[in-house]
Structure formats: C-alpha cells, structure tokens
Amino acid sequence: MVARHDHAAGLWTPPLNAPAPRDLCTDCGVSRMSDPKRCGQACQFIKPDYPAMELKIHGRRRDPSRADEAFFGPYRRMLQAAMKEPRDGAQWTGITTTIGQRLLETGAVDAVLTMTADPHDKWKPVPVLVTKPEDMARCRGMRMGYAPSLALLENALSAGYKRLAVIGIPCQIYALRSLEQQLGFDRLYVIGTPCSDNTTTEAFHGFLRLLSDKPETITYLEFCADYHVELRFDDGRQKRIPFLLLPISKLPSDFFPITCRTCVDYTNTLADITVGYMGGRGEQWLLVRNERGEELLELLGDEVKLTEPTTAGSRIAPVKGFLKNTELAAGGLPVRGMPNWLRPFMGWLMPKVGPRGIEFARARVEMKAVESVLHLRRAYQSKMKNMIPAHVWALVKPYGLEPLDGERRD
Ligand SMILES: Cc1cc2nc3c(=O)[nH]c(=O)nc-3n(C[C@H](O)[C@H](O)[C@H](O)COP(=O)(O)OP(=O)(O)OC[C@H]3O[C@@H](n4cnc5c(N)ncnc54)[C@H](O)[C@@H]3O)c2cc1C
Ligand code: SF4
Ligand code: SF4
C-alpha cells in the first residue's frame, strides 16, 4: 500500500503494520492493529452474533411483524433517494460522501474514515482519514478490492479524533461494531453500503480487459438494478451490457474469493444508515436503521429527494434458477444454462418482467444467502455452525435448503 501522511491536504493514510496471515479474511485492518488477536472477537468469518449485535446497536432485534426486516435487518424507514444535484464522480448520486462532508462541515466529527483511490490505480482502494469537508469529493465512487481501513482506528484515536464517522462495507462494519466499546470513541457514526461480489483489484482488472480492448479508459462500472452493467469511459461515452451477455464464462473460477461468496450480511445491518441502490429502481436506496441514522439523513436537508420505494415482479423463479446454477457450477461461476441465441432476448425481457424495486433487493439478498450456504458447505462445512445466522437459514428454507447435521448453531 502507498503510505501517505498528508495532514495539510486533509487526507491521511499512515503507514500500517503488515497483516497477520488469516484464513477467510478480507484484511479489514483488525489484524494490523496493536493486538491482532482481536480478530477472534471481531471477525464476521469466525463466530458472528448478529442478533446480539443488532440488539446492542439498534436497541431491538428484527421484528417478525415487519416482513422485510427478515431480508434487510432492523430499520425505521426504507426510502428511494437521490441527491437533487448528483455529485461528479460519485458511484450513484453521492449521498454517502455528502453525508461525510456535512459531518465535517458541521463539526459533528473530527474525521471520516473511508477509502480513496490509489494514486497509481483508480480501481484500488486505499484507506484514509479525512478531516477537511472538501476532501470527501476525493473519496467518491466505487473501487474494487479490499483495504484495511480499520487499522486506522488507532491512528485516529492517537491523533485526538475522538468523534469519528466510518464509511464501510459489511465485513468492515461488523468488526468495527465488535470493537467499538473497547476503542472508546466519544461519538461514532456508521454509514454502511451494501456489498456483494467484491474481488481483488487485480482480478477486477482482468474483468475490465474482457469488457473493452482499452480497459484503461473505463472510469465507472456498476451492476445496476435493471439487469445491466453500466460502463463509462474517459471520453464521456457510456455502454450498458445486459447481465446475460457478460463474459462470465471467460472469468477464472476463483474470480470471486471464497470470503465474498460466503459472507452473511449483504445489507450492512449494523450501520446507522445503509446507502445502496438495490431497491431504488434506478435511484439510491436507503435503510435508516436508528436515531443516529435519522440524524445523518437530516444533514442532507432538502438537497435530497426522498420517495417511497416500490416493488414489482416475483423473485421466486430467478432465485430458484440461481440456486440450481450455483449447485451445477460446483464451486465455479454460476453461468445461466441458456442457448446463446436466447440471451439478447432475455437480456431485453428481464428488466420488464423480472423482480424490480424492493423485490429485486429481496431476490439479491436471497441469492447471496443461497450462495453462502452452498459455498460454505462445499469449502468450509465445519464453519457453518458458527458462521451462519438463523436469519440466513430462514431465507433459504423456502428453496429447500436446510441445515444438515452439525451445520446449525444450537
Ligand atoms: C465492492 C462493492 C460492492 C457493492 N455492491 C453493492 C450491491 O450489490 N448493491 C448495492 O445496493 N450497493 C452495493 N455497493 C454500494 C454502491 O456501489 C454505492 O457505493 C452506494 O450505493 C453509495 O453510492 P453513493 O453515490 O452514495 O456513493 P459515493 O458518494 O460515491 O461514495 C462511495 C463510498 O464508498 C467507499 N468505497 C468505494 N470503494 C470501496 C471499497 N472497495 N471498500 C470500501 N468502501 C469503498 C468510498 O470511499 C466512498 O466513501 C457496493 C459497494 C462496493 C464497494
Ligand atoms: S477481523 Fe478483519 S483482519 Fe481479522 S480475520 Fe477478520 S477480516 Fe481478517
Ligand atoms: S462481499 Fe462480503 S466479504 Fe466481500 S468485501 Fe463485500 S462484505 Fe466483505
């Protein structure tokens, strides 16, 4: 990692310890802290306790009378949202980084811990402590890969940043929440994004090479909720490719690391607010989970447009198909069994008849749950008992997936 110590610019990446070698690890940064043994307590991949953590953070467990909490975790409000003036360089409209900017402007926090891009590789994430509001603009957009952001928590404390905001993906936020009390921040705001199908920056470059003969000109990529990948190029061009026409069969079978195929918290249930796009029908999608999440959304005032999310279509057949293809792939990438001539037609049809809005988000959460169960069973069956929360088993049950002997925590 490129170490930068650039207080004057308001962006600070201190030099970090080397990671401790760990199996099933996304290098969230805990193993680089002063006591690497903390991983045992903090790691999502060892023995997470989501029900207890949700109760601790949000003051309650998932409410069975609110059916969508079974998919998305506890929340007060679910919204479709967009910044009225989308921010340049943002992944969607920039809600995430604008919240960070406002927190710094209003003096609510001393610093925001998040990612910026490596100066030599725009797709590679580098963790950074941001102290100047205008520098949040340098963190906009999605990078593919892992970076040890939590290693900077101790640097933040020793620099006197006791009121902190953290923007992170679910495997980082689980570890953060596990350590929150011992670290002793005066105030902590947690802005989470959903996360799925991450991979190493190196492997991602291989994917870009399959999408364009000039991969270095691609500036933006997103898997959109209308079954298309959107690409943007440095000359302003855009290209949209239906999922079914992606060159998935040309990717190596280990393109998605086993960590990202087996993690169990797609929607970042321990964040104060989750900012994604899955249920947003082309806009963003928010889960305001607690009082602090309300406070964060409030910071955007009337700059943000908020509407009720909608839902359409049915997820059942696509999730069943995904399960079948994942089983058939036996550890490789699930490629849809379909003749090539049918692919363009189905690519056109899916956005019109497939699950949309909230139903799309439910479908993706169920697919991820299916994937976690099947891949853990294949590669790490002995870990299933400790790693799979009861709510994940409940999500896969309607599709005929049930725990085998020894796979469920008593
Ligand atoms: C690997 C990955 C997979 C994702 N998958 C989904 C998904 O399946 N469904 C969904 O709804 N949303 C997903 N998201 C979130 C989504 O892409 C947007 O980040 C989110 O909707 C916020 O958009 P924005 O315009 O508000 O973000 P911006 O204002 O542009 O801010 C983006 C924030 O994300 C941080 N970030 C960028 N890359 C990384 C990274 N590799 N690791 C940690 N933090 C990073 C940036 O530092 C910045 O703070 C994913 C994000 C990542 C990083
Ligand atoms: S807590 Fe973080 S660093 Fe430690 S094993 Fe888990 S992912 Fe890796
Ligand atoms: S897919 Fe899961 S394990 Fe992989 S980076 Fe995202 S949250 Fe972490």
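A polar contact here is a pair of N or O atoms within 3.5 Å; within protein, one must be able to donate a hydrogen and the other to accept it, and residues adjacent in sequence count only if both atoms are side-chain atoms. Keep that in mind for Gly-94: one of its backbone N or O atoms sits 2.8 Å from an oxygen atom of ligand 1.

Some housekeeping. This is a predicted model, where local features need pLDDT of at least 70 and side-chain atom pairs count only at pLDDT 80 or more, while totals for chains, interfaces and linings use all residues. Residues are numbered from 1 along each chain as its sequence is written, ligands are numbered from 1 in the order in which they are written, and side-chain values use heavy atoms, without hydrogens and water.

Back to the ligand. A polar backbone atom of Gly-141 is also 2.8 Å from a ligand 1 oxygen. For Thr-93, the backbone distance is 3.3 Å. On its own, ligand 1 has 910 Å² of accessible area (Shrake-Rupley, 1.4 Å probe), and the protein covers 98% of that.

Who is around it? 32 residues surround ligand 1, counting any with a heavy atom within 4 Å. Trp-92, Thr-96, Thr-97, Met-115 and Tyr-266 are the closest.

Now the domains, whose bounds come from an automatic or database assignment. Domain 1 is 4-198 plus 258-309, and domain 2 is 313-410. Their C-alpha centres are 26 Å apart. Together they bury about 2700 Å², 61% of it on carbon and sulfur atoms. Buried area is the accessible area (1.4 Å probe) lost on being put together, summed over both parts. On the domain 1 side, Phe-71, Arg-261 and Val-264 lose the most.

Methods: Buried area is the accessible area (1.4 Å probe) that two parts lose on being put together, summed over both.
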